[in-house]
Amino acid sequence: MSNARCGSCSADLSVGELDDGWCSACGKAIAGFVYREAGLKGRKEKALPRAQKTATRLEAPSADPDDAPAKWQLALIGAAMVGIAVVIVLAFL
Ligand SMILES: [Zn+2]
């Protein structure tokens, strides 16, 4: 048991809960000031690299130049936008 209390529900927070960053009593994220008041540096960083890895993996396909839209797709999108613009202009005439 640590000497930290949840900022949302004031439940005593275990070391495991502080590591995870979530209060198991109320299910909310443990706020940063809870760590500061308990004299801790903050949530352990081990969870962050995993999240960053996931984010990198998720955005990797769009960064792949092979996945860039083909020219005919861009042309279709442009034609559609022009068509929408024409419809909007005609609606106000
Ligand atoms: Zn709580």
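Let's start with Asp20, which sits in helix 1 (residues 15-20). Helices here are DSSP runs of H or I with at least four residues, strands are E runs of at least two, and both are numbered from the N terminus. Asp20 is partly exposed because 17 other C-beta atoms lie within 10 Å. For burial, 20 or more other C-beta atoms within 10 Å of a residue's own means buried, 12 or fewer means exposed, and anything in between is partly exposed, with C-beta atoms placed from the backbone. Ile30 comes 10 residues away from Asp20 along the chain, and their C-alpha atoms are 8.8 Å apart.

A word on what you're looking at. This is a predicted model, in which local features need pLDDT of at least 70 and side-chain atom pairs count only at pLDDT 80 or more, while totals for chains, interfaces and linings use all residues. Numbering runs from 1 along each chain as its sequence is written.

The protein has four helices and zero strands, giving α-α-α-α when read along the sequence. Of the contacts with a separation of 6 or more, 22% join residues 24 or more positions apart; a contact means C-beta atoms, placed from the backbone, within 7 Å.

The mean for the protein is 81, and 70% of residues reach 70 or more.

| Helix | Residues | Mean pLDDT |
|---|---|---|
| Helix 3 (lowest) | residues 47-63 | 58 |
| Helix 4 (highest) | residues 71-91 | 94 |

What makes up the largest nonpolar core? Seven residues do: Ala4, Cys6, Leu13, Leu18, Cys23, Ile30 and Val34. Such a core is a set of buried Ala, Val, Leu, Ile, Met, Phe, Trp, Tyr and Cys residues joined through C-beta atoms within 7 Å. Leaving out residues up to four places away in sequence, Ala4 touches Leu13, Leu18, Val34 and Ala38.

Finally, Ser10 sits in the segment before helix 1. Its phi is near 65°, a positive value in a residue other than glycine. Ser10 counts as exposed because it has 11 C-beta neighbours inside 10 Å.

Note on methods
Two residues are in contact if their C-beta atoms, placed from the backbone, lie within 7 Å. pLDDT is the predictor's confidence in each residue, from 0 to 100.
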